[in-house]
2 protein chains.
Amino acid sequence: MTVKRNTWQKDAVRHALSEAKGFVSAQDLHHVLKNHGSTIGLATVYRALADLAAADEADSLQSTTGETLFRACGDAHHHHLICSECGTTVEIAASEIETWANKVASQHGFSQVSHTIELFGVCQHCNAPKLSENIGSV
Amino acid sequence: MTVKRNTWQKDAVRHALSEAKGFVSAQDLHHVLKNHGSTIGLATVYRALADLAAADEADSLQSTTGETLFRACGDAHHHHLICSECGTTVEIAASEIETWANKVASQHGFSQVSHTIELFGVCQHCNAPKLSENIGSV
DNA sequence: ACCGTATTGACAATCATTATCAATAAGGCT
DNA sequence: AGCCTTATTGATAATGATTGTCAATACGGT
């Protein structure tokens, strides 16, 4: 039977993912790792992310442009409030929503219910008008 | 300035979409149309669907496999309960959810909030056969 | 019927993701 | 420590959905 092996590649992906502030794509992570001098392959990044998601160490969602985005996530089931400007993510424990989802599903005779719930918006920081444009020069 | 024109292709896509029982992909619709003898092009189906979605005549969502799925939808804002077996869709008016989403967002200082909420499960009809299967087995 | 141009359709191009497969290296064993 | 089995890697080809290109077509006002 298959015995999982530990490789520096998996650690690298796990670490890069934990450094990211919000949701990132596999391609993003690969670029980041490459820029840091890593020789990791693109396919390996995809595989590592799939493993992390399968092990519930990461959450994944589909962006509106069709990409799959990932985020480090060790905790229990929850959802996200994502800033569409800067990508900052806030985790939301939404027990009321779980309850609601199950109620609605059973009302319609559905079982084995899962759900996709993501909130998008503009965070306080990004919303503050033009101030940051003048101040924020590097 | 652009003046919209009416073509049989757009009507065909609109009609095929309204016939579909649940969410379908552009490729799906193209196959259906072809099977019905239509000579419509694939790119045109994509364009027609994009137009319908832009005109709020259709809802779109990303499947877990990365495809974009569409469904005829003229009504107000709502969400869906989708059977992952047969694709049957139930529309859900969820005012409580809208309220919840806005509350959570404002609590975290987010504005211009939008959300993605879809419920997946197995409907009563698709669930029935499986139950009887399990009864006789180990 | 005529004309200007929005729209079409065949196909090329793009982009994310997955499959392939020989080469490599993790980790148990002696 | 050295060996051996095989999980894993990485370069690249393949896939599949979607978009871009552009000459040919057809809608709709005149």
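Two residues are counted as in contact if their C-beta atoms, placed from the backbone, lie within 7 Å. On that basis, helix α4 (residues 95–107) of chain B lies across β4, β5 and β6 of chain A together with β6 of chain B. The model is predicted.

- Six strands form an open sheet with mixed pairing, in the order β5(A)-β4(A)-β6(A)-β6(B)-β4(B)-β5(B).
- The edges are held by β5 (89–92) of chain A and β5 (89–92) of chain B; each has a single partner strand, so one side of each is left without a neighbour in the sheet.
- From one strand to the next, the twist averages 20°.
- Strand β4 (residues 79–83) of chain A pairs with β5(A) in the antiparallel sense, over 4 bridges.
- Within β5(A), A:E91 is the bridge partner of A:H80.

**Helices on the sheet**
- Helix α4 (residues 95–107) of chain A packs on the sheet, where α4 of chain A touches β6 (111–122) of chain A as well as β4 (79–83), β5 and β6 (111–122) of chain B.
- The direction of α4 of chain A makes about 135° with that of β6(A).
- Helix α4 of chain B runs at about 135° to β6(B).

**Surroundings of DNA strand D**
- DNA strand D is surrounded by 27 residues, the closest being A:Q9, A:G41, A:T44, B:N6 and B:T68.
- At least two residues of this surface come from each of α1 (8–19) and α3 (42–54) of chain A, and α2 (26–35) and α3 (42–54) of chain B.
- The most is given by α3(A), with 5 residues.
- By type, the residues of the surface near DNA strand D are 9 nonpolar, 12 polar and 6 charged.

Methods: Residues are numbered from 1 along each chain as its sequence is written. Chains are lettered from A and ligands numbered from 1 in the order in which they are written. This is a predicted model: local features need pLDDT of at least 70, side-chain atom pairs count only at pLDDT 80 or more; totals for chains, interfaces and linings use all residues. A residue is near a molecule or strand if its C-beta atom, placed from the backbone, lies within 6 Å of it. Ala, Val, Leu, Ile, Met, Phe, Trp, Tyr, Cys and Pro count as nonpolar, Asp, Glu, Lys and Arg as charged, and the others, Gly among them, as polar. Two strands pair if DSSP finds at least two bridges between them. Axes are lines fitted to C-alpha atoms, for helices over the stretch in contact, and angles run from 0 to 180 degrees between N-to-C directions.
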